[in-house]
Amino acid sequence: MNALEELARTIEQRKSAGTANSWTAKLLAQGPKKTSQKFGEEAVEAIIEAVEGDRAGLISEAADVLYHLLVMLASRNVALEDVLDELNRRKRRSGIEEKRQRR
């Protein structure tokens, strides 16, 4: 199991944890709107670090983005496995072909 899969599993376990001891549980308790907002905030912070060229800052913010993406997915009961399956499905064709078929 890689770090991302382990984190997704931990987040899933936190769904039933008490909000007093878990930031993840507290965030999930606020619902999909809040988890989506937090993901967006972290994505913007990562963009800023990328534009500014701060490598350490970008690494830190990218970790935050991945965490908040997994929390947002969990808030909508979407498993990381489902996203990975979709990525595996897409790698069988070019990005140009994939975008053309979405229309």
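This is a predicted model: local features need pLDDT of at least 70, side-chain atom pairs count only at pLDDT 80 or more; totals for chains, interfaces and linings use all residues.
Biologist: Start with helix 3 and helix 4. At what angle do their axes cross?
Modeller: At roughly 160°, and the axes come within 8 Å. Helix 3 covers residues 32–52 and helix 4 covers residues 55–75. Helices here are DSSP runs (H or I, at least four residues), numbered from the N terminus. The axes are lines fitted to C-alpha atoms over the stretch in contact, and angles run from 0 to 180 degrees between N-to-C directions.

Biologist: Parallel or antiparallel, then?
Modeller: Helix 3 and helix 4 are roughly antiparallel to each other, a label for angles over 145 degrees.

Biologist: And which hand is the crossing?
Modeller: Helix 3 passes helix 4 in a left-handed crossing, meaning that the near helix is turned anticlockwise from the far one by less than a right angle.

Biologist: Which residues meet there?
Modeller: From helix 3 they include Pro 32, Phe 39, Ala 43 and Ala 50, and from helix 4 they include Leu 58, Val 65, Leu 69 and Met 72. Contact means heavy atoms within 4.5 Å.

Biologist: How many are nonpolar, polar and charged?
Modeller: The contact of helix 3 with helix 4 has 11 nonpolar, 5 polar and 6 charged residues. Ala, Val, Leu, Ile, Met, Phe, Trp, Tyr, Cys and Pro count as nonpolar, Asp, Glu, Lys and Arg as charged, and the others, Gly among them, as polar.

Biologist: Switching topic. How many salt bridges are there?
Modeller: A search of the whole structure gives 4. The term needs a side-chain nitrogen of Lys or Arg within 4 Å of a carboxyl oxygen of Asp or Glu.

Biologist: Which residue does Glu 41 pair with?
Modeller: Lys 38, with the closest N and O atoms 3.4 Å apart. Glu 41 and Lys 38 are separated by about one helical turn, because they are 3 residues apart in helix 3.

Biologist: Is Lys 38 buried or exposed?
Modeller: Lys 38 counts as buried, at 17% relative accessibility, whereas Glu 41 is partly exposed at 31%. Buried means under 20% relative accessible area, exposed over 50%, and partly exposed in between (1.4 Å probe, protein chains only).

Biologist: What is Lys 38 in contact with?
Modeller: Trp 23, Leu 27 and His 68, leaving aside its neighbours within four places in sequence.

Biologist: What about Glu 86 and Arg 90?
Modeller: Their side chains meet in a salt bridge at 2.9 Å, N to O. They are 4 residues apart in helix 5 (residues 80–90), so about one helical turn separates them. Glu 86, Arg 89 and Arg 90 are linked in a network of salt bridges. Glu 86 is partly exposed at 28%, and Arg 90 is partly exposed at 30%.

Biologist: And Glu 12 with Lys 15?
Modeller: That is a salt bridge too, at 3.3 Å, N to O. Glu 12 is partly exposed at 42%, and Lys 15 is partly exposed at 32%.

Biologist: Last one: where does Asn 77 lie?
Modeller: In the loop between helix 4 and helix 5. Asn 77 is exposed, with a relative accessible area of 62%.

Note on methods:
Residues are numbered from 1 along each chain as its sequence is written. Side-chain values use heavy atoms; hydrogens and water are left out. Helices (H or I, at least four residues) and strands (E, at least two) are DSSP runs, numbered from the N terminus. Angles under 35 degrees count as roughly parallel, over 145 as roughly antiparallel, 65 to 115 as roughly perpendicular and the rest as oblique.
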